[in-house]
Amino acid sequence: MELHSDALRLDLPAANKYLNVLGACLNAFIERIEGIAEPRVTAYNIELAVNEIFANVVAHAYGDTPGGRVDMVVMLASDPRRLLIAIRDTGIAFDPTTVAEPDLEDVQINGYGLFLARSLMDDVTYTRCADGNTWQLIKHL
Amino acid sequence: MMDLNISDHIVRTVVVAPRQRIDAFNAPELRAALDQQLESGARRFVLDLTNVPFLDSAGMAVLVRLLKRSRDQGGDVRLVWPTEEAARRIIKLTKFDRVFTMADTTEAALVGF
């Protein structure tokens with residue numbers, strides 16, 4: 001993703017402790033975008049989707065390996081107007097196809113994370129690169 | 001003296017009302033608190049989500065785990081709807097509202113429990 005001059009870049013320790021920091025940054029960024037339908041619900045949904053990917057990176061890409069970082073870029077693109085979020089880590093590869101969709105007719109303890117991210121965003125893609133993983137999330141606004 | 005057999009029938013219901021976001025960082029703390037209640041014999045729970053501003057899948061996992069463990073022991077879990085509209089929609093999206101008995105208030109959740 002080419003970095004726009006008004007893009008936000010966050011470099012966070014890969015630890016769930018910082019989920020609230022991530023959420024606060026996203027909410028603040030979205031709060032000043034004008035003309036969003038249902039801004040509070042939209043901001044919540046984006047925060048939840050990103051929260052789930054971040055927690056997934058912490059759990060799977062880094063696992064018990066300490067010292068990992070997560071690099072996140074947030075920017076608003078136009079035509080059509082959409083929020084682009086890239087989440088990068090340098091951990092081990094993740095294969096999203098191994099994660100089963102939750103059976104919504106039979107409640108379960110795990111498996112809602114990626115389902116929520118995919119349901120709440122317009123597009124969620126995962127790419128394995130030479131030095132890590134990149135998740136790209138898109139939400140049309 | 002009249003022959004009366006009098007006994008108390010006391011049903012214990014634990015009401016838990018978190019007042020902050022529940023995410024993958026602090027969900028283990030909530031799980032531990034609920035496990036402690038289960039271990040002390042509690043089987044019926046009301047989880048009042050009224051003042052929970054944010055709930056992620058780790059928090060949802062704690063709710064499902066509690067539901068399964070309490071139902072295994074003959075109990076149940078009822079949820080009070082969160083105030084946050086987006087959180088309410090997530091509960092519907094994941095169909096949690098069909099699995100848990102939902103209520104608008106703690107008082108309503110306790111009726112007939």
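Which strands of chain A does helix 2 of chain A lie across? Helix 2 of chain A lies across strand 1, strand 2, strand 3, strand 4 and strand 5 of chain A. Against strand 5 of chain A, this helix runs at about 170°. Contact here means heavy atoms within 4.5 Å. Axes are lines fitted to C-alpha atoms, for helices over the stretch in contact, and angles run from 0 to 180 degrees between N-to-C directions. Helices (H or I, at least four residues) and strands (E, at least two) are DSSP runs, numbered from the N terminus.

Some ground rules. This is a predicted model, where local features need pLDDT of at least 70 and side-chain atom pairs count only at pLDDT 80 or more, while totals for chains, interfaces and linings use all residues. Residues are numbered from 1 along each chain as its sequence is written, chains are lettered from A and ligands numbered from 1 in the order in which they are written, and side-chain values use heavy atoms, with hydrogens and water left out.

Confidence next. The predictor gives the complex an ipTM of 0.92 and a pTM of 0.93. Chain B averages a pLDDT of 96, and 100% of its residues score at least 70. pLDDT is the predictor's confidence in each residue, from 0 to 100.

Back to chain A. Its open sheet has five strands in the order 1-2-3-5-4, with antiparallel pairing. Strand 1 (8-13) and strand 4 (123-129) of chain A are the edges; each has a single partner strand, so one side of each is left without a neighbour in the sheet. Neighbouring strands in this sheet are turned by 15° against each other on average, direction ignored. Two strands pair if DSSP finds at least two bridges between them.

Look at strand 3 of chain A, residues 82-89. Eight bridges join it to strand 5 (residues 132-140) of chain A, running antiparallel. In that pairing, Leu83(A) has Lys139(A) as its bridge partner, and Ile87(A) stands opposite Trp135(A). Strand 2 of chain A also pairs with strand 3 of chain A, antiparallel, over eight bridges. There, Leu76(A) is partnered by Leu83(A). The hairpin of strands 2 and 3 of chain A has four residues between the strands, and Asp79(A) takes a positive phi near 50°.

Is strand 3 of chain A mostly covered or mostly open? Mostly covered: six of its eight residues are buried. Buried means under 20% relative accessible area, exposed over 50%, partly exposed in between (1.4 Å probe, protein chains only).

Helix 1 (residues 19-31) of chain A lies across strand 1, strand 2 (69-77) and strand 3 of chain A. It runs at about 10° to strand 2 of chain A.

Now the cores. A nonpolar core is a set of buried Ala, Val, Leu, Ile, Met, Phe, Trp, Tyr and Cys residues joined through side-chain atoms within 4.5 Å. The largest has 74 residues, and Ile85(A), Trp135(A) and Leu137(A) touch the most other members. Helix 2 (residues 39-62) of chain A gives the most to this core, with 14 residues. Apart from it lies another core, of five residues, among them Val46(B), Val80(B), Ala103(B) and Ala109(B).

On to chain B. Its secondary structure comes to five helices and four strands. Along the sequence, the pattern is β-α-β-α-β-α-α-β-α. The four strands form an open sheet in the order 1-2-3-4, with parallel pairing. Strand 1 (13-16) and strand 4 (101-103) of chain B are its edges, each pairing on one side only. The twist averages 20° from one strand to the next.

Strand 1 of chain B pairs with strand 2 (residues 44-48) of chain B over four bridges, in the parallel sense. Within it, Val16(B) stands opposite Leu47(B). Helix 1 (residues 27-39) of chain B lies across these two strands, at about 155° to strand 2 of chain B. Helix 2 (residues 57-72) of chain B lies across strand 2 and strand 3 (76-80) of chain B, at about 145° to strand 3 of chain B.

Last, chain B overall. Of its 113 residues, 50% are buried. Its C-alpha trace spans about 60 × 25 × 25 Å along its principal axes. That's my tour.
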